[in-house]
Amino acid sequence: MGSKALFFFAILSFSVLFSLNLNLAFAENEETEEQVGLVMNFYKDTCPQAEEVIREQVKLLYKRHKNTAFSWLRNIFHDCAVASCDASLLLDSTRRSLSEKETDRSFGLRNFRYLDTIKEAVERECPGVVSCSDILVLSARDGIVALGGPYILLKTGRRDGRKSRAEVLEQYLPDHNESMPVVLERFASIGIDTPGVVALLGAHSVGRTHCVKLVHRLYPEVDPVLNTDHVEHMLHKCPDPIPDPKAVQYVRNDRGTPMKLDNNYYRNILDNKGLLIVDHQLATDKRTKPFVRKMAKSQDYFFKEFARAITILSENNPLTGTKGEIRKQCNVANKLH
Ligand code: HEM
Ligand SMILES: *[C@@H]1O[C@H](CO)[C@@H](O)[C@H](O)[C@H]1NC(C)=O
């Protein structure tokens, strides 16, 4: 072989090796990424019955306490919208840190003990395998179905965080009187667009709002934008300008179909019956109003956008792979080591 040919051969084999190497590196990357991401049916080998056990528990609990379903649904917002779907919402306060549950934004959150019931049922089948964050997300999915909403296919494989995020919570969760541009911006930062936000707020088609969150719209003067028939009802339910925090005084979010996740919410807010300032703004802001009208007309469109937005919310920045832990009890982080 002449020296020219040898040189050519050397270059050729070098480039073949080089590209092979690159390909290998790519393949490895793809594989690790796939392993640490969320997937459909993550527990198919380690706990194949997990999703079924959760579904059965949600059905049983819903039969006994209808309002548990409101809680499953609200939980996914309060956990996933705050930095990560990591079940940090479920942690109790410790001597060192205040829990998210005890902050003002979490006012009214309830039924956490039933989440423990589900966790216990799952632990009996497969101890130490299924995370509280997956249970939180899947119970929301099944709660939505119990309330008459769509069935949403959701991925699993989330792991649980070790600490509460109470100190940053207000940077993520809008207040009841937040302006619509700020609300839209907060959701946009986790990938949820305007129709997505409009659909998610449709969750206020079920459940209740306590008078403490409403009296500023009634006293000292009634907010003039409120529907006068609705004002009468609100004043009847919230007769005191300063409600006794111990008395359970509240107004149902949707008087028409309070137990159904449906598009009646959009007709209510277009009728100026939105309880919270954010609900009212949704129907009046020029960016959101067209979608409110569309959802008021079409339940299918509402469900389609709702399913899409819940999916994005449920995949917000999860802990996967070897990050975080599988909590033994949902209200406390495992002891280190
Ligand atoms: C701008 C965003 C939001 C604000 C400011 C907000 C605020 C509130 C407030 C103040 C209450 C009343 C709590 C009480 O008095 O007990 C409430 C209830 C509720 N929220 Fe939201 N929310 C927002 C978005 C969402 C989202 C995205 C969901 C779910 C996807 C959701 C689900 C619920 C449910 C189901 C209830 C009724 C809870 C029950 O009856 O126990 N909310 N919300
Ligand atoms: C919203 O309401 C809270 C009380 O719940 C109040 O402290 C705050 O000033 C209000 N914010 C706006 C923008 O009106």
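Helices (H or I, at least four residues) and strands (E, at least two) are DSSP runs, numbered from the N terminus. Residues are numbered from 1 along each chain as its sequence is written, while chains are lettered from A and ligands numbered from 1 in the order of writing. The model is predicted: local features need pLDDT of at least 70, side-chain atom pairs count only at pLDDT 80 or more, and totals for chains, interfaces and linings use all residues.

**Exercise 1.** Describe the shell around ligand 1 and state which helix gives the most to it.

*Solution.* 
- Step 1. A residue is near a molecule if its C-beta atom, placed from the backbone, lies within 6 Å of it. Around ligand 1 there are 24 residues, and Phe77, Gly108, Ala203, Gly207 and His210 come nearest.
- Step 2. At least two shell residues come from each of helix 3 (68-80) and strand 1 (208-210). Helix 3 gives the most, with five residues.
- Step 3. Count Ala, Val, Leu, Ile, Met, Phe, Trp, Tyr, Cys and Pro as nonpolar, Asp, Glu, Lys and Arg as charged, and the others, Gly among them, as polar. The shell then has twelve nonpolar, seven polar and five charged residues.
- Step 4. Domain bounds come from an automatic or database domain assignment. Ligand 1 lies between domain 1 (50-172) and domain 2 (180-313), because both give residues to its shell.

**Exercise 2.** Describe how helix 4 and helix 5 pack.

*Solution.* 
- Step 1. Axes are lines fitted to C-alpha atoms, for helices over the stretch in contact, and angles run from 0 to 180 degrees between N-to-C directions. Helix 4 (residues 112-125) and helix 5 (residues 132-146) make an angle of about 115 degrees, with axes 10 Å apart.
- Step 2. Residues are in contact if their C-beta atoms, placed from the backbone, lie within 7 Å. Leu115, Ile118, Lys119 and Val122 of helix 4 meet Cys132, Ile135, Leu136 and Ser139 of helix 5. By class, this contact has six nonpolar, one polar and one charged residues.

Methods:
Two residues are in contact if their C-beta atoms, placed from the backbone, lie within 7 Å.
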